[in-house]
Amino acid sequence: MKRNFYTRRLIISVAVLFAAAVVFTTESSAQRRDYMTTDEIELVRENQALDTRVAVIVKMIDRRFRAMGTDVGGSKPRSDEVWGPEPTGTTVELYSDINRLLEKAIEDVEGVVERGHGQFVPEKNRDRIIPRAMDELTKAARRYLPVLKAAGEKTRDEKEFGAIAGAVEYCEMILEAAAKK
């Protein structure tokens, strides 16, 4: 009788561990999606100066909106050879990409402001490059905010709403920082 109890307990434990492994494997593979295409990653690497780097990130965000069929008034990249194919994904994935790209742009600007100079800004150009990067990001945030708020009001998907809400928060942070300067 005791042996049967331990056998049953072992089987249940193995089943629980197997179920947990499946759940965590599924979640981690869903999280592995890169928010930049291979060609876009190369463009970021090539554009190390903060102002051009931010401009590239803004165009990446514009591409995600275009992939969803949403016009945010951004410029269209001139060549598919440089940018590669349009990004693909569900609306949740594309809004998540937008959220992460806004976060990346903010982190890049904040990093330069905190350090004062470095690989993104040669010390002699600091006074010109940081304001240009902030202007580019501010203009983009002004374009994105109304579109994101409208999308947030329409969606019924919790994950999509979370990604949109994060992007809205980043746009508001950018506009708030621009207003303080």
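## Salt bridges

A salt bridge here is a side-chain nitrogen of Lys or Arg within 4 Å of a carboxyl oxygen of Asp or Glu. This predicted model holds ten of them.

## Helix 3

Helix 3 covers residues 50-67. Just after helix 3 comes glycine 69, with a positive phi of about 80 degrees.

## Links from helix 3

Side chains of opposite charge can pair when their charged atoms come close. Arginine 64 meets glutamate 40 in a salt bridge, 2.6 Å from N to O. Arginine 64 belongs to helix 3 and glutamate 40 to helix 2 (residues 38-46), so this pair ties together parts that are 24 residues apart in sequence. Both ends are covered: arginine 64 is buried at a relative accessible area of 1%, and glutamate 40 is buried at 0%.

Arginine 53 pairs with aspartate 108 at 2.8 Å, N to O. Arginine 53 lies in helix 3 and aspartate 108 in helix 5, so parts 55 residues apart in sequence are tied together. Both residues are buried.

The side chains of aspartate 62 and arginine 143 also form a salt bridge, at 3.2 Å, N to O. Here helix 3 supplies aspartate 62 and helix 6 supplies arginine 143, 81 residues apart. Are the two partners buried or partly exposed? Aspartate 62 is buried, with 2% relative accessibility. Arginine 143 is partly exposed at 23%, because buried means under 20% relative accessible area.

## A network

Glu40, Arg63, Arg64 and Asp97 are linked in a network of salt bridges.

## The second largest pocket

The second largest pocket has a volume of about 310 Å³. It is lined by 13 residues. Closest to its centre are Val109, Glu110, Val113, Met134 and Ala177.

Which helices each supply at least two residues of the lining? They are helix 5 (91-115), helix 6 (126-154) and helix 7 (158-180). Helix 5 gives the largest share, five residues. By class, the lining has ten nonpolar and three charged residues, with no polar ones.

Notes:
Residues are numbered from 1 along each chain as its sequence is written. This is a predicted model: local features need pLDDT of at least 70, side-chain atom pairs count only at pLDDT 80 or more; totals for chains, interfaces and linings use all residues. Side-chain values use heavy atoms; hydrogens and water are left out. On a 1 Å grid over the protein atoms alone, a cavity is a set of points where a 1.4 Å probe fits but cannot get out, and a pocket is an open set with protein on both sides within 12 Å along at least five of seven lines; lining residues have an atom within 4 Å of a point. Grid points are joined across faces, edges and corners, and a volume is the space filled by probe spheres set on the points. Helices (H or I, at least four residues) and strands (E, at least two) are DSSP runs, numbered from the N terminus. Ala, Val, Leu, Ile, Met, Phe, Trp, Tyr, Cys and Pro count as nonpolar, Asp, Glu, Lys and Arg as charged, and the others, Gly among them, as polar. The expected span of a helix is 1.5 Å times one less than its number of residues. Buried means under 20% relative accessible area, exposed over 50%, partly exposed in between (1.4 Å probe, protein chains only).
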